[in-house]
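Colleague: I'm new to this one. Could you walk me through it and tell me what's behind the words you use?

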Amino acid sequence: MTTDAVRRWLFGALGALFVGLAVLGALLPGLPTTIFLIGATWCFARSFPQVSERLLNAKLFRPFRAWMVPGGQVSRRSRVTALMMMWAAITLTVHLALSAASPNWILAGTVVILGLVGTWFIARHGRA
């Protein structure tokens, strides 16, 4: 087997793993879906482009497509819901980090900074 064939199959296997995690994320609250779909699409685009297209058109992942496709539009309601859920989780995490016997200020600060980055991304992404 050539090096290109090995790389292709490794990307395909990694893409399949990401799809499995994305399916779990679509069914389980708290587990992300979009980032795994982005990873799967990236892997399949480099190994099996036809699988990448089928993935983008799969019925289960259609609600997340706007986040994956460049120039995709996400409704205001979806963005607001995503931001509210994200900040609820951030608030809980910061509260737990700071209410422990020894408060973890670094963790709390990191979570808030990453939350601000996520907020910027969601707020500017594909306005519908």
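Predicted model: local features only at pLDDT ≥ 70, side-chain atom pairs only at ≥ 80, totals over all residues.

Colleague: What makes up the secondary structure of the protein chain?

Modeller: Six helices and zero strands, counted as DSSP runs numbered from the N terminus (helices are H or I, at least four residues; strands are E, at least two). The pattern along the sequence is α-α-α-α-α-α.

Colleague: Why is α5 called roughly antiparallel to α6?

Modeller: The axes of α5 (residues 76-98) and α6 (residues 105-124) cross at roughly 175 degrees and come within 9 Å. Axes are lines fitted to C-alpha atoms, for helices over the stretch in contact, and angles run from 0 to 180 degrees between N-to-C directions. Under 35 degrees counts as roughly parallel, over 145 as roughly antiparallel, 65 to 115 as roughly perpendicular and the rest as oblique. So α5 is roughly antiparallel to α6.

Colleague: Which residues in α5 meet α6?

Modeller: Among them are Leu 83, Trp 87 and Ile 90 in α5, with Val 111, Leu 116 and Ile 122 among those in α6; contact means heavy atoms within 4.5 Å.

Colleague: How do you know that Phe 48 is buried?

Modeller: Buried means under 20% relative accessible area (exposed is over 50%, partly exposed in between; 1.4 Å probe, protein chains only). Phe 48 has 13%, so Phe 48 is buried. Phe 48 sits in the loop between α2 and α3. Leaving aside neighbours within four places in sequence, Phe 48 is in contact with Arg 8, Trp 9 and Gly 12. Arg 8 is 40 residues from Phe 48 in sequence, yet 7.6 Å away, C-alpha to C-alpha.

Colleague: What makes the buried residues of α3 line one face of the helix?

Modeller: In α3 (residues 49-57), Ser 52, Leu 55 and Leu 56 are buried. Seen down the axis, they fall within an arc of 95 degrees, so they line one face of α3. That arc is taken from the directions from the helix axis to the C-beta atoms.

Colleague: Which residues form the largest nonpolar core?

Modeller: Val 19, Ala 22, Phe 36, Leu 37, Ala 40, Phe 44 and Leu 55. A nonpolar core is a set of buried Ala, Val, Leu, Ile, Met, Phe, Trp, Tyr and Cys residues joined through side-chain atoms within 4.5 Å. α2 gives the most to this core, with four residues.

Notes. Residues numbered from 1 in each chain as written. Heavy atoms only, no water.
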